[in-house]
Amino acid sequence: CSPASFYAWRKKYGDTTPDEAKRLRHLEKENARLLRIVGQQRLELEGMKEVLAKKR
């Protein structure tokens, strides 16, 4: 582990307990998953709008 990585980790997680850090990592993963889902839905909606526009 490089010193830069250590200090970045310390800055991010500094005074958190192990349970809080674990919960934060879980929430970050969940947030990333939800953002992917929203992105996919947005692409599907745009595709549907294009198909409907071409049919008219």
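A residue counts as partly exposed when its relative accessible area falls between the buried limit, under 20%, and the exposed limit, over 50%. Tryptophan 9 has a relative accessible area of 49%, so this residue is partly exposed. The structure described here is a predicted model.

The protein chain holds two helices and zero strands. Helix H1 covers residues 3–13, and helix H2 covers residues 18–55. A loop lies between them, and aspartate 15 is part of this loop. The relative accessible area of aspartate 15 is 81%, and a value over 50% counts as exposed, so aspartate 15 is exposed.

The protein chain has a radius of gyration of 20 Å, whereas a compact globule of 56 residues would have one near 10 Å. Along its principal axes, the C-alpha trace spans about 60 × 25 × 15 Å. Aspartate 15 and methionine 48 are 33 residues apart along the chain, and their C-alpha atoms are separated by 48 Å. Tryptophan 9 and alanine 21 are 12 residues apart in sequence. Their C-alpha atoms lie 11 Å apart in space.

Burial was examined next. Of the 56 residues of the protein chain, 4% count as buried. The chain exposes about 5600 Å². Carbon and sulfur atoms supply 58% of this area.

A nonpolar patch is found on the surface. Phe6, Tyr7 and Trp9 form this patch, and together they have about 360 Å² of accessible area. Tryptophan 9, a member of the patch, lies in helix H1. Patch residues need over 30% relative accessible area. With 49%, tryptophan 9 is above that cut-off.

Charged side chains were then considered. The protein chain has 14 positive and 8 negative side chains. The centres of the two sets lie 4 Å apart.

How many salt bridges does the count come to? The count comes to two salt bridges. In one of them, glutamate 28 pairs with lysine 12, and the closest N and O atoms are 3.4 Å apart. This pair links distant parts of the chain. Glutamate 28 is in helix H2 and lysine 12 is in helix H1, 16 residues apart. Lysine 12 has a relative accessible area of 48%, so lysine 12 is partly exposed.

Another salt bridge joins the side chains of glutamate 30 and arginine 33, with an N to O distance of 3.4 Å. Where do these two residues lie? Both glutamate 30 and arginine 33 lie in helix H2. They are three residues apart, about one turn of the helix. Glutamate 30 counts as partly exposed because its relative accessibility is 31%, between the limits of 20% and 50%. Arginine 33 is partly exposed, with a relative accessible area of 38%.

In summary, the predicted model has two helices, and 4% of its residues count as buried. Another, between glutamate 30 and arginine 33, lies within helix H2.

Conventions: Residues numbered from 1 in each chain as written. Predicted model: local features only at pLDDT ≥ 70, side-chain atom pairs only at ≥ 80, totals over all residues. Heavy atoms only, no water. Helix = DSSP H or I, 4+ residues; strand = E, 2+ residues; numbered from the N terminus. Buried < 20%, exposed > 50% of the residue type's maximum accessible area, 1.4 Å probe, protein only. Rg over C-alpha atoms; globule rule 2.2 N^0.38 Å. Areas by Shrake-Rupley, 256 points an atom, 1.4 Å probe, with all protein chains shown as cover. Lys, Arg positive; Asp, Glu negative; His and termini not counted. Charge placed at Lys NZ, Arg CZ, Asp CG, Glu CD. Patch = residues over 30% accessible without salt bridge, like charges linked within 9 Å, V, L, I, M, F, W, Y side chains within 5 Å. Salt bridge = Lys/Arg side-chain N within 4 Å of Asp/Glu carboxyl O.
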